[in-house]
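Thanks for coming, everyone. Please take a look at the model on the screen, and I'll walk you through it.

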Amino acid sequence: MTPVSMLKTFGVMATATLLSILPAQAASWTIDKGNSTLSFEAQVFGSAVPGTFGDWTAEIVFDEDALDTSQVSVVINMSSADTGDAARDGSLKGAEWFAVEEHPEATLTSTAFRSLDDGRFEMDADLTMRGTTNPITLPFTLTEASDGVVATGSVTVNRTDYGVGQGDYVGGSTVGLDVVISIDIAATPEAGADQED
């Protein structure tokens, strides 16, 4: 074998070895906003009051075979909360609740993912509202769609952990302390991303 051939062979072997030890890279996904919902549900005088956030963005990099490099980042415009009642929605923007003038956005940033079974996963994340950040764990399920996937899941948080509900609303006698946050996200792989068959 000539010196040139030896160098080429070494280069191929070194590249193959490097690729084998590098972590797999997760793929980027595009949200289908028209078929996706970010919602919440609270209890008011014992009755369920559902709502949605109409204005939010998400950056998703995810691969079930590359969870270590997967990441999710969500930004929510808190002024876009809609419960179907104009007076209530106006109150939510105020200082006792979301305080949107001082804290116009809530954010969710993933910190880790775990695979369970049958398309079920858990995402650890930092949720920030009203300037307060707490860790949460969001269980979610992935199901295949014709052109991508749909992620559904929910997590219950205590609103007072984030300072949501001040004054007479700190207790849970009128508005319950637990709020269920749910996702129903349709996404397609970005151009050039490999989708598992």
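Among contacts in the chain between residues at least 6 apart in sequence, what share joins residues at least 24 apart? It is 56%. Contact here means heavy atoms within 4.5 Å.

Some ground rules. This is a predicted model, where local features need pLDDT of at least 70, side-chain atom pairs count only at pLDDT 80 or more, and totals for chains, interfaces and linings use all residues. Residues are numbered from 1 along each chain as its sequence is written, and side-chain values use heavy atoms, with hydrogens and water left out.

Now the layout. The chain has two helices and eleven strands. Both come from DSSP runs, numbered from the N terminus: helices are H or I with at least four residues, strands are E with at least two. In sequence order the pattern reads α-β-β-β-β-β-β-α-β-β-β-β-β.

Next, burial. The chain has 197 residues, and 35% of them count as buried. Buried is under 20% relative accessible area, exposed is over 50%, and partly exposed is in between, with a 1.4 Å probe and protein chains only.

On to the rings. Rings of Phe, Tyr and Trp (its six-membered ring) pair if their centres lie within 6.5 Å; planes under 30 degrees apart are stacked, over 60 edge-to-face, and the rest tilted. How many aromatic pairs does that rule give? Eight.

Take Phe62 and Phe121. They pair edge-to-face, at 5.6 Å centre to centre and 90 degrees between the planes. Phe62 sits in strand β4 (residues 56–62) and Phe121 in strand β8 (residues 120–129), so this pair ties together parts 59 residues apart in sequence. Phe62 is buried at 9% relative accessible area. Phe121 is buried too, at 3%.

Then Phe113 and Phe140. This pair is also edge-to-face: 6.4 Å between centres, 85 degrees between planes. Phe113 is in strand β7 (residues 105–115) and Phe140 in strand β9 (residues 132–144), so the pair links parts that are 27 residues apart in sequence. Phe113 counts as buried at 10% relative accessibility, and Phe140 at 9%.

Another ring to look at is Trp56. Lys33 lies over its face, 4.6 Å from the ring centre. The rule is NZ of Lys or CZ of Arg within 6 Å of the ring centre and within 35 degrees of the ring normal.

Now zoom in on Asp124, in strand β8. Is Asp124 buried or exposed? Buried, at 18% relative accessibility. Its side chain makes a polar contact of 2.7 Å with the side chain of Arg114. A polar contact is a pair of N or O atoms within 3.5 Å; within protein, one must be able to donate a hydrogen and the other to accept it, and residues adjacent in sequence count only if both atoms are side-chain atoms. Leaving out residues up to four places away in sequence, Asp124 touches several others, including Thr109, Thr111, Ile136 and Thr137.

Last, the backbone. Most residues other than glycine have a negative phi. Ala99 has a positive phi of about 50 degrees. Ala99 is in the loop between α2 (86–92) and β7, and is buried at 4% relative accessibility. Arg130 also has a positive phi of about 50 degrees, and lies in the loop between β8 and β9.
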